[in-house]
Amino acid sequence: MSYEITLMTTMAISVLFALSLNFISGFCGQISLGHAAFLGAGAYTSAMLSKASVPFLLTIPAAAICAALLGAIIGLASLRVRHDFLAITTMGVGFLFVGIIRQQEFFGGEIGIAGIPSSGFGKVGFMLICIGLALTFALFSLYVRRSWMGFVFKSIADNEDVTRVLGIDVSRYKLIAFIIGTGTAGVAGALYAHHFRFVGPDSFGFVESVSVLAMVIVGGIGSVWGVIFAAALLSVLPMLVQFIDDYKLLLYSGLLFAMMRFSPDGIAGLCNRLFSSIPRRVSANNGDKR
Amino acid sequence: MLYLELFIQGLVQGSIYALIALGLTLVYGLLRILHVAHAALFTLGGYIGVIVSNATGSFTLAMIVAMLLVGFAGMLMYKLAYEPLLSQPPYVSLIASIALFIASEEIFRIAFGPYGLSYQTPPLQGHIELFSGFYLKYAEILVMGLSTVLMITLAWLSMRTRTGVAWRATVTDPDMARAFGVKIQNVRYLNFFIGSSFAAAAGVLVALLNNLVEPTMGSVASYKALAIIVLGGLGSIRGTLIAALLLGVLESFGTIYIGHLLDRDAIAFAFLILVLMIRPQGLMGGKL
Amino acid sequence: MTEILHVSDVTVRFGGVCAVENVDLRINKGELIGFIGPNGAGKTTLMRVITGIVQPQQGRVLLEGVDITHKATHLRIRAGLALAQQIVQPLRALSLLDNVVLACGGDKTRHALKSMWITDIKSERKQARELLARVGLSHVADELPGTMPLGYLKRLEVARALALNPKLLLLDEPLAGLSQKEAASLADLIAKLNADGQTILLIEHNLREVMRICPTLYVQDNGKSLAFGKAEEVMSDSNVRNAYLGIGHA
């Protein structure tokens, strides 16, 4: 039972993390290659507060705020640059985060922070908290997609210039997407810290950022259900197929490449096409899958 | 004369960056693709260089073979990986490229082991003394010399030959070039060939400098090369070269003076972000 | 006559080239003005100054007396400008109807945070259907832009711009790329919109249609204002004829 609980918890945290990126990259079309930095910001904040005897639940909003503040700064910076630049700039932010953390003894330097206290809710309780938060954000995402904000996001992802010409303050919407997405990643970070009870600079590097982006894209960029499915699957895949542990990265990247080559709109896209033989009621708002 | 030492070291490193980044900027200028997997070709070049050198004892042969083989590998990569994705939104080719790159690192690790290979008898290990206490290895002189030669050759080829003009025309206006009978497909192949073979040269040279090739040697180079081409202003060759050399020197000084704040690799990105905030189109980029 | 737009002594330089020089233009409520000039006359540049994509080195743009010269594009749109662009850019993932619905939702999208709490879309959908009907696209309202012919997409641009309830509608070469029949049809629509009270500035190359529907013409050549006034008078002006000689037909 204990193994399954750990698995479920890992899945829930990954789902939350992936959905937070989906908000930025999927809904709003801003491709971020440095999202792990915000996971890290939340994780470190929560870890350090927890070790200073702050109760676990209180570290969660603190982690969110810290990550969101960082996100606001990055978001403001990202407003000045465009698509191709954005991907690399966010990648740079990721490297910068790790680079700075690594050099400061305050954050534990190379070694990181170990011995993070348990959440105090027991394994099952903690798992339920993680699942609860993931579920809440998933519902929130689904709701936003049906709202006018989601409508604007979709438009921005489609064509930023046109959206501007329709009188919409694109910069403000992008900034909000960033703040919500990064703040939520911070929450995921807090959960991460108390799940693995250890945080180090290597946990939040480029590979981590690529992995979460892969989850979003394999799921189907913008599709909440697709991302949930892909995140859940990809997060535990390495654990489930341990005998090919040595080849897991190869398998992973091969799968990702195949996805891009043959179904760039991810699993959601595959499903859409599979079921397109059933006459589809054309939705006047973006309430269903893209 | 610490400063001069740091400066020259910086130029050596910058020359390597320039050779790698050039391929990236060539691809971006032509296809608007961020060719992350380019670094895999860099690593491949390094491996081929060491293997051929150890097998035949000739470094020159190793360099030539590496450049040729990797040039073709680059063309193959275009055909199999990028061409089918040209009609997709840009993030698709970016992710595909990243996936390719990670896969290739793994393949190198599985095929040749995680600890890498070395030259049996590394050439050019001697050095000359420029002035008291400061030694410059022959290998380092080769790096700067060869880079310069390759760059000048490329510049000459692009300005003076018909192929070069056709290539420049295609970058500027593909439809117009097509109307003039330029075979776009061939231009693309050439583009990848040149960029990849330059990366291979860089790989062989880096292997020489460190006397080691290992599977992850491409990763840092690839990310930095990306930062460099953005810094230089995406698509501008001149900008890329300047940014590459500048970065090499900056890192050289930076590790000494701000190494306690940031690790070496983060310096590139800190610089990038700083520049982009002041000048969003990069150092030499045109209007955004 | 209420003055809607005043472009006051605007000059735009790109590097060493003067794209627009000391241009002065006034548009009154209810007018339909044809903005013509040979290639390279600086028409697009002036349009970009009005919409805010380009900043003039000198001069001002006033909308109903309010100086908008340095305002961001989206704020100008909110202030009453609307633009139908030359190169059609429909939002590809949305149906034609949804393209217009988004434009109708101006009040709801004004404040980003507030927009999160609003999901009601019924009145905008109704409005959008009416607008599509007005431009003759009712029968394809639920289609995606990908399969639509250019003529339809041009009308979509117009519908989207109308949805913004503009004081001034800017049309940038709406007839470009259309067949003679399609162009005449779209020109008729533009004339009808004006007859219903919409103030319009129409940049066009298609002189035949412009002459047919525009009572007033403004001519620009080489960045400078050349003529402004009643269509027949302007076209018989020898300066205007010289400007067009040798340039070829529109």
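Reader: Which residue stands opposite C:Ala84 in β7(C), and what makes β6 and β7 of chain C a pair?

Author: In this predicted model, C:Ala84 stands opposite C:Leu171 in β7(C). As for the pairing, four bridges join β6 (residues 81–84) to β7(C), and the two run parallel. Two strands pair if there are at least two bridges between them, so four bridges are enough.

Reader: What about β8(C), how do you know that β7(C) pairs with that strand too?

Author: Again by the bridges: four of them join β7(C) to β8 (residues 200–203) of chain C, in parallel.

Reader: Why is β7(C) called mostly covered?

Author: Five of the five residues in β7 (168–172) of chain C are buried. That label takes 20 or more other C-beta atoms within 10 Å, so each of the five reaches that cut-off. Both faces are covered, with C:Leu168, C:Leu170 and C:Asp172 on one side and C:Leu169 and C:Leu171 on the other.

Reader: And C:Asp142, what makes that residue partly exposed?

Author: C:Asp142 has 14 C-beta neighbours inside 10 Å. Buried needs 20 or more and exposed means 12 or fewer, so a count of 14 falls in between and C:Asp142 is partly exposed. You'll find C:Asp142 in the loop between α6 (122–134) and α7 (150–163) of chain C. Its C-alpha atom is 10.0 Å from that of C:Arg129, 13 residues apart along the chain.

Reader: Now the antiparallel sheet in chain C: which strands stand at the edges, and why?

Author: The order is β2-β1-β4-β5 in an open sheet of four strands. β2 (17–28) and β5 (66–67) stand at the edges because each has a single partner strand, which leaves one side without a neighbour in the sheet. For β2(C), eight bridges link this strand to β1 (residues 3–14), antiparallel, with C:Val12 and C:Val20 as bridge partners. Helix α1 (residues 43–51) of chain C lies across β1, β2 and β4, at about 60° to β2(C).

Reader: Last one: what makes up the side of chain A that touches chain B?

Author: On that side, 31 residues of chain A are in contact with 36 residues of chain B. The largest share, 14 residues, comes from α4(A). By type, the chain A side divides into 19 nonpolar, seven polar and five charged residues.

Terms used:
Residues are numbered from 1 along each chain as its sequence is written. Chains are lettered from A and ligands numbered from 1 in the order in which they are written. This is a predicted model: local features need pLDDT of at least 70, side-chain atom pairs count only at pLDDT 80 or more; totals for chains, interfaces and linings use all residues. Two residues are in contact if their C-beta atoms, placed from the backbone, lie within 7 Å. Axes are lines fitted to C-alpha atoms, for helices over the stretch in contact, and angles run from 0 to 180 degrees between N-to-C directions. Ala, Val, Leu, Ile, Met, Phe, Trp, Tyr, Cys and Pro count as nonpolar, Asp, Glu, Lys and Arg as charged, and the others, Gly among them, as polar.
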